[in-house]
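Please look over the sequence and the three-dimensional structure shown here before reading on. The paragraphs that follow begin with one residue and then widen the view step by step.

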Amino acid sequence: MEQNIYIKNKKAYFEYHILDKYTAGIKLLGTEIKSIREGKANLNDAFCTFIDNQLYVRNLHISEYSMGSFYNHEAKRDRVLLLHKKELKKLHTRGEEKGLTIVPLALFISDRGFAKLEIGLAQGKKTFDKRETLKERDTKIEMDRAMKR
């Protein structure tokens with residue numbers, strides 16, 4: 001009955017070079033965690049930003065809970081990320097550097113049942129880097145096919 005929820009942001013790995021990874025807790029409402037446990041969340045357009053020295057994740061789409069009543073949550077509201085002060089300070093200083101941004105990489109349920117968001121300090125890729133990534137992936141697929149034969 002125990003199923004592992006691991007929702008990945010595949011677009012982030014294609015668009016960015018990931019420099020550092022952090023695991024952050026998320027401040028959620030009751031219907032939001034129930035929707036995440038059903039696997040109804042989308043990270044594709046999400047990004048992280050600092051507002052009043054707190055890290056928020058924006059545009060994280062968590063669908064409304066199907067069994068919820070008028071207590072249901074808003075699908076794309078800003079959610080607070082929970083990190084240690086030292087990590088927040090480090091991310092704040094590094095995130096202000098030119099060309100660096102904080103992107104959500106994965107959303108998962110921990111062993112204790114809490115929702116966690118894996119975030120990464122990232123640098124944007126150029127178009128030729130993206131083409132190189134596509135070429136590497138295609139050659140890897142061809143090599144795997146050749147090994148199966």
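**A guided walk through the structure**

Thr31 counts as buried, since its relative accessibility is 12%, where buried means under 20% relative accessible area, exposed over 50%, and partly exposed in between, with a 1.4 Å probe and protein chains only. The model is a predicted one, in which local features need pLDDT of at least 70 and side-chain atom pairs count only at pLDDT 80 or more, while totals for chains, interfaces and linings use all residues. Residues are numbered from 1 along each chain as its sequence is written, and side-chain values use heavy atoms, with hydrogens and water left out.

Thr31 is found in helix H2, and, not counting residues up to four places away in sequence, Thr31 touches Tyr65, Tyr71, Asn72 and His73; contact here means heavy atoms within 4.5 Å. Helices (H or I, at least four residues) and strands (E, at least two) are DSSP runs, numbered from the N terminus. Helix H2 covers residues 30-37, and Thr31, Glu32, Ile33, Ser35 and Ile36 are buried in this helix. The buried residues of H2 pack against strand E6 (61-62) and against E7, E8 and E9. Just after H2 comes Gly39, which takes a positive phi of about 85°.

With this helix placed, the chain as a whole can be described. Its secondary structure comes to 4 helices and 9 strands, and from the N terminus on the elements run β-α-β-α-β-β-β-β-β-α-β-β-α. Along its principal axes the C-alpha trace spans about 55 × 40 × 25 Å, and buried residues make up 33% of the 149 residues in the chain. Among contacts between residues at least 6 apart in sequence, 67% join residues at least 24 apart. The accessible surface comes to about 10,300 Å², of which 50% belongs to carbon and sulfur atoms; accessible areas come from the Shrake-Rupley method with a 1.4 Å probe, and for residues only the protein chains shown count as cover.

Which strand is largely enclosed by the rest of the structure? Strand E9 (residues 115-124) has 7 of its 10 residues buried, so it is largely enclosed in this way. E2 and E9 run antiparallel and are joined by 9 bridges, and two strands pair if DSSP finds at least two bridges between them. Ile18 has Ala122 as its bridge partner in E9. Strand E8 (residues 100-109) also runs antiparallel to E9, with 9 bridges joining the two, and Phe108 has Lys116 as its bridge partner in E9. In the hairpin of E8 and E9 there are 5 residues between the strands, and Gly113 takes a positive phi near 95° there.

Another buried residue is Leu81, which has a relative accessible area of 3% and lies in strand E7 (residues 79-82). Leaving aside its neighbours within four places in sequence, Leu81 is in contact with Ala24, Gly25, Ile26, Cys48, Leu55, Val57, Leu117 and Ile119. Leu81 and Ala115 are 34 residues apart in sequence, and their C-alpha atoms are 11 Å apart in space.

Asn53, although it is not a glycine, has a positive phi of about 60°; it lies in the loop between strand E4 (47-51) and strand E5 (54-58), and with a relative accessible area of 63% Asn53 is exposed. Asn59, likewise not a glycine, has a positive phi of about 65°; its place is in the loop between E5 and E6, and at 30% relative accessibility Asn59 counts as partly exposed.

The last stop is the second largest pocket, where about 200 Å³ of space lies. On a 1 Å grid over the protein atoms alone, a pocket is an open set of points where a 1.4 Å probe fits, with protein on both sides within 12 Å along at least five of seven lines, and lining residues have an atom within 4 Å of a point. Grid points are joined across faces, edges and corners, and a volume is the space filled by probe spheres set on the points. The lining consists of Lys10, Tyr13, Phe14, Tyr16, His17, Ile18, Lys125, Thr133, Glu136 and Arg137. Helix H1 (10-15), strand E2 (16-26) and helix H4 (127-148) are the elements that give two or more residues to this lining. Its residues divide into 4 nonpolar, 2 polar and 4 charged, where Ala, Val, Leu, Ile, Met, Phe, Trp, Tyr, Cys and Pro count as nonpolar, Asp, Glu, Lys and Arg as charged, and the others, Gly among them, as polar.
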